[in-house]
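Subject: Handing over a structure, with notes on what was found

Dear colleague,

I am passing on the structure we spoke about, and I would be grateful if you would look through it alongside the notes that follow. Please read them with the model open.

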Amino acid sequence: MRLPAVLSALLLGLSLGLVIGTTPAQAYPPTPPDETTIRNELATLRVETPHSMTGYSRDRFPHWITQYGTCNTREVVLQRDGVDVQVGSDCYPTSGRWYSVYDQKWLYQASEVSIDHVVPLANAWRSGADLWDDARRRDFANDLASQELIAVSATSNSAKGDQSPDQWKPTNTGYWCMYARSWVHVKYKWSLAVTSSEKSALYSMLDYC
């Protein structure tokens, strides 16, 4: 039995933290359900061919919205997922550190950090969000209560694009279990579909738990 992905990633982060003399970033959204629950959720997801991209635009998923005071969703996640984050009066980080679990990199500038939609907006559109109204799409794009948002390196987020787990996986295999659990639970929560190849890839990634 392999170490749980979160423990593996955290131990790696701790070793890095000892090298650079700092506490590792947590860099995790709310913890998804356990593997058994996730496998049950995955089994219930609709399997569909991708919907048409006709009409898609990121503007149909309004973000980043104000969460409180002057802080928008991106800024809230930057504070949540970082270490020693200091912000200005506009809520934008002036200093801090972020550990990108996708590619095991430390980041020292907020400009190097992307807030990844674990289930990309375009993938959500192809999976059923094309049938939602813009208000529901806004709620999805700014969902802090699930695993949908996580601070990662801009380079890993760019490499991922709008690809599903059968097309792209984090280079950090120690995070595959958590990534699959997060992806499945977001789709389950929002009643989004999966493709057959996506579902197969998710089952394979859950074997790393």
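In what follows, a residue is called buried when its relative accessible area is under 20%. Please bear in mind throughout that this is a predicted model.

To begin with the chain as a whole, its secondary structure comes to 8 helices and 7 strands, and of its 209 residues 50% count as buried. Among the contacts in the chain with a separation of 6 or more, 73% are made by residues 24 or more positions apart.

By type, the lining of the largest pocket divides into 6 nonpolar, 4 polar and 3 charged residues.

Rolling a probe the size of a water molecule over the atoms shows where empty space is left. A search of the whole structure finds 1 cavity of 30 Å³ or more, and about 30 Å³ of space lies in the largest cavity. The residues that line this cavity are P29, Y102, V118, Q147, I150, Y175, Y179 and S182, and they divide into 6 nonpolar, 2 polar and no charged.

Y175 is found in the loop between α6 (154–160) and α7, and it counts as buried because its relative accessible area is 2%, where the cut-off is under 20%.

Turning to the covalent links, which cysteines are joined, and in what pattern along the chain? The structure holds 2 disulfides, and with bonded cysteines counted along the chain they follow the pattern 1-2, 3-4.

In one of them, C71 and C91 have their sulfur atoms 1.9 Å apart, and the link is right-handed, with 90° about the S-S bond. This pair links distant parts of the chain, with C71 in strand β2 (residues 71–72) and C91, 20 residues apart from it, in the loop between β3 (82–87) and β4 (93–100). C71 and C91 are both buried, and C91 counts as such because its relative accessibility is 2%.

In the other, C177 and C209 likewise have their sulfur atoms 1.9 Å apart, and this link too is right-handed, with 100° about the S-S bond. Here C177 in helix α7 is joined to C209 in the segment after α8 (196–206), the two being 32 residues apart, so that this pair also links distant parts of the chain. C177 is buried, with a relative accessible area of 3%, and C209 is buried as well, with a relative accessible area of 12%.

Most residues other than glycine have a negative phi, and most peptide bonds are trans. The peptide bond from H63 to W64, however, is cis, with omega near 0°, and W64 is found in the loop between α2 (35–44) and β1 (66–68). D84, which is found in strand β3, has a positive phi, near 55°. C91, already described as one partner of a disulfide, has a positive phi as well, near 80°.

With kind regards

Definitions and conventions:
Residues are numbered from 1 along each chain as its sequence is written. This is a predicted model: local features need pLDDT of at least 70, side-chain atom pairs count only at pLDDT 80 or more; totals for chains, interfaces and linings use all residues. Side-chain values use heavy atoms; hydrogens and water are left out. Ala, Val, Leu, Ile, Met, Phe, Trp, Tyr, Cys and Pro count as nonpolar, Asp, Glu, Lys and Arg as charged, and the others, Gly among them, as polar. A disulfide is a pair of cysteine sulfur atoms within 2.5 Å. Helices (H or I, at least four residues) and strands (E, at least two) are DSSP runs, numbered from the N terminus. Buried means under 20% relative accessible area, exposed over 50%, partly exposed in between (1.4 Å probe, protein chains only). Contact means heavy atoms within 4.5 Å. On a 1 Å grid over the protein atoms alone, a cavity is a set of points where a 1.4 Å probe fits but cannot get out, and a pocket is an open set with protein on both sides within 12 Å along at least five of seven lines; lining residues have an atom within 4 Å of a point. Grid points are joined across faces, edges and corners, and a volume is the space filled by probe spheres set on the points.
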